[in-house]
There are 4 protein chains.
Amino acid sequence: MISKTQSKRERSKAANREAILDAARLVFAELGYETTTVRDIIRRTDLASGTFYNYFKSKEEIFEALAETSAAEFGRLLRTLPRENISFEDYLKCAFSAYFHFIVERHAEVLRLAAPKIHISDVRSDTPEMNAIFQEIRKDIETILASEGSPDIDTAYLTASAIGIARELGDVMLTRISNDQDQTEKLVEQATDFATNLILCGIRHAFDEIRT
Amino acid sequence: MISKTQSKRERSKAANREAILDAARLVFAELGYETTTVRDIIRRTDLASGTFYNYFKSKEEIFEALAETSAAEFGRLLRTLPRENISFEDYLKCAFSAYFHFIVERHAEVLRLAAPKIHISDVRSDTPEMNAIFQEIRKDIETILASEGSPDIDTAYLTASAIGIARELGDVMLTRISNDQDQTEKLVEQATDFATNLILCGIRHAFDEIRT
Amino acid sequence: MISKTQSKRERSKAANREAILDAARLVFAELGYETTTVRDIIRRTDLASGTFYNYFKSKEEIFEALAETSAAEFGRLLRTLPRENISFEDYLKCAFSAYFHFIVERHAEVLRLAAPKIHISDVRSDTPEMNAIFQEIRKDIETILASEGSPDIDTAYLTASAIGIARELGDVMLTRISNDQDQTEKLVEQATDFATNLILCGIRHAFDEIRT
Amino acid sequence: MISKTQSKRERSKAANREAILDAARLVFAELGYETTTVRDIIRRTDLASGTFYNYFKSKEEIFEALAETSAAEFGRLLRTLPRENISFEDYLKCAFSAYFHFIVERHAEVLRLAAPKIHISDVRSDTPEMNAIFQEIRKDIETILASEGSPDIDTAYLTASAIGIARELGDVMLTRISNDQDQTEKLVEQATDFATNLILCGIRHAFDEIRT
DNA sequence: GATGAATGAGCATTCATTCAT
DNA sequence: GATGAATGAATGCTCATTCAT
């Protein structure tokens, strides 16, 4: 149950909607879209199954609402950084950082809400919410590259690469998380640096460093 | 329907098994594992529903058969290149090339088998077959990096990045495919170079090149 | 259909559960466990197939619910008679009487519920509900014989015999039932006497009686 | 496999038919009619599934063939005893003895053929073959009673009782069987005496014996 | 006759969605 | 608005039976 401190009567419509969204986010993260049933969602709520349909027309609709919410949330995070005249390098750093913070947050939330039994190694990162976020980044990168980039570089490929790196590297990073908050912050920073450096300098940089 | 020139009785067991596998490969690529039903699969053959179970014990089993087949196929492709004392750079090039060739092949096959109506933009790359392949690469890269790599570099992150790049960049590449065979070969080569260079030198290389 | 005067929504959960149980009792009696399908059961109610699973997890579960219900019902009947210090003869009389009353009741119920088309000669007496009842009797008889019986007598054989007599003789008795309520009561009494006397005195008694 | 010493070509039609019947007898005894599949039967044979239908039109037909065979076999056993002018007492003894011998035989056969893993406590005694046998006995008893019996006695009830005793007592007897052949013979004799005495004298006889 | 792959009706069960209360 | 029982289409799977070889 997401919350039981208030009776259902007291709660505003918005609060119920939020409770359902929270539950859905959790369950989708655990089970994926297809495997999740509407019952799974409302079971994590103190609402009744029919109530779900007062807020969302269908399972698909809540999924998209979730994607939009996450994208918006992430977008807000992203927008805290200067967008005008930002260099690609800076944008990259900010975007990676924002993304890694975002998934760490999500991960913590799932851990917090999930029944302790759940194996979190299975938290999904290919959810639609993530896809929505990536579309946003994709647009951003392409915009920045268009203004700054060398004409040679294939911006679609580069964007795809950045997203691929973020996605896969992010998953590995999550497996390393401990309960230590400082440690987690350091992990995010380190992942951000790794990803940014990889894109900017490749690993030759690292090799060279060693060899000199 | 895969074929109707022979009666189902004439066809060898192997041929029917292959027909089911083909249909399954196609449908899984279109719909993903959960969404695909066994009925979807056999509907694409001229066999009856019960016949499916003469060949595979369950939906899960055919899925794994598919994953193994693909992994084996890809593995063979990968093994054509020298494995002993190969440099990381060379391995990377070969592996990317093998992967991109592989997905181009798969893509062509899906296009060939799919009823024309299907929107191929939705061909999925997160199928289990792909995951099997990526596990294989992951192991390879880690092995090579262990022997050659600088002690500084985080091999798990690097491997994840390489896989992320391959996956996302590969998807973009597929959208650019035309019917021209030569063009396709060039696409693969170009994607391979892009990915390899990105990992080795990053994009600074490209920027620098321009600025000098 | 069990009842159509009320809408299914008006009916209490308990009423619907009872309707399903009634239907199941009927169908199991007609067809036996294996042959009966869940569809057979709900087809005899005015409910939809999915509704079955709101009340019972599986075909097996409803079967066991039925067995328990019947055993409990019969147990209650049996417990109306004095259990302490009862002689074997008295126990036998009571138990036979209770059993015959029970199956007459069941039989009437099946006749009442069954669509008229059904051949009741096929009402089954080897249902699991009956087995549950027989286990109960078996235990009782063995307890009583243990305290009272001659050390010579094989209590397991005797118990088995009593149960065999009840079962087969009961089936024959059912074929003789008419609509006359008094007649039925007399039938039960007569069967009870027959069974009890057979076990106590055998038929020699009867033969002797005649010959003198 | 029932037999593999001969090729299927060499074997006569009759031999194949017999092999299928043997397998069926075994499997029906283990699983009951509904639960048994035709595949279960032919799997115990070295024949192919289609071959089944060269010998029997359906699962039902083989079941009935089995019932007839058993009934005939048992009938032969029963007919070895004098039928004319036999007393009820003698008939009873012979019939019980024949029945108990018959089920001991069946039981041994199932044990012999069954994979050793099987829990024989579950060998079914309510098979149709048994029912066929009981019909035969029923007729016999009624005939004899009609000529000899006291007009008072309810022959249908008495017959039913005898059958019930045979059936249930027989089941208990089977649970006591060991590998010792002499022991088994004694068991049969003892069961026969118990059943016969019960019907003739009841248990009072036993009690009295003790008390004097 | 023997074979065994193909068939498809049928089964238990699930689940998104509706709707009377 | 909230409730939760009812709904029934859809799913994975089984199995008696057919039939080309």
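How many residues surround DNA strand F, and which are the closest? The model is predicted; local features need pLDDT of at least 70, side-chain atom pairs count only at pLDDT 80 or more, and totals for chains, interfaces and linings use all residues. Residues are numbered from 1 along each chain as its sequence is written, while chains are lettered from A and ligands numbered from 1 in the order in which they are written.

DNA strand F is surrounded by 38 residues, and the closest are A48(A), G50(A), T37(B), G50(C) and T37(D). A residue is near a strand if its C-beta atom, placed from the backbone, lies within 6 Å of it. Two or more residues each come from α1 (13-31) and α3 of chain A, α2 (38-43) and α3 of chain B, α1 (13-31) and α3 of chain C, and α2 (38-43) and α3 of chain D. Helices are DSSP runs of H or I with at least four residues, strands are runs of E with at least two, and both are numbered from the N terminus. By class, this surface has 8 nonpolar, 19 polar and 11 charged residues. Ala, Val, Leu, Ile, Met, Phe, Trp, Tyr, Cys and Pro count as nonpolar, Asp, Glu, Lys and Arg as charged, and the others, Gly among them, as polar.

DNA strand E also has 38 residues around it; T37(A), G50(B), T37(C), A48(D) and G50(D) are the closest. Its surface holds 8 nonpolar, 19 polar and 11 charged residues.

Chain A has 9 helices and 0 strands. Of its 212 residues, 33% count as buried, that is, with 20 or more other C-beta atoms within 10 Å of their own; 12 or fewer makes a residue exposed, and values in between partly exposed, with C-beta atoms placed from the backbone. R76(A) lies in helix α4 (residues 59-79). R76(A) is exposed because 10 other C-beta atoms lie within 10 Å.

In chain C, helix α4 (residues 59-79) has 21 residues. Its buried residues are I62(C), L66(C), S70(C), A71(C), F74(C) and L78(C).

In chain B, α1(B) and α4(B) (residues 59-79) pack at about 90 degrees, with their axes 10 Å apart. α1(B) is therefore roughly perpendicular to α4(B), a term for angles of 65 to 115 degrees. Axes are lines fitted to C-alpha atoms, for helices over the stretch in contact, and angles run from 0 to 180 degrees between N-to-C directions. The contact residues divide into 7 nonpolar, no polar and 1 charged.

Terms used. The expected span of a helix is 1.5 Å times one less than its number of residues. Angles under 35 degrees count as roughly parallel, over 145 as roughly antiparallel, 65 to 115 as roughly perpendicular and the rest as oblique.
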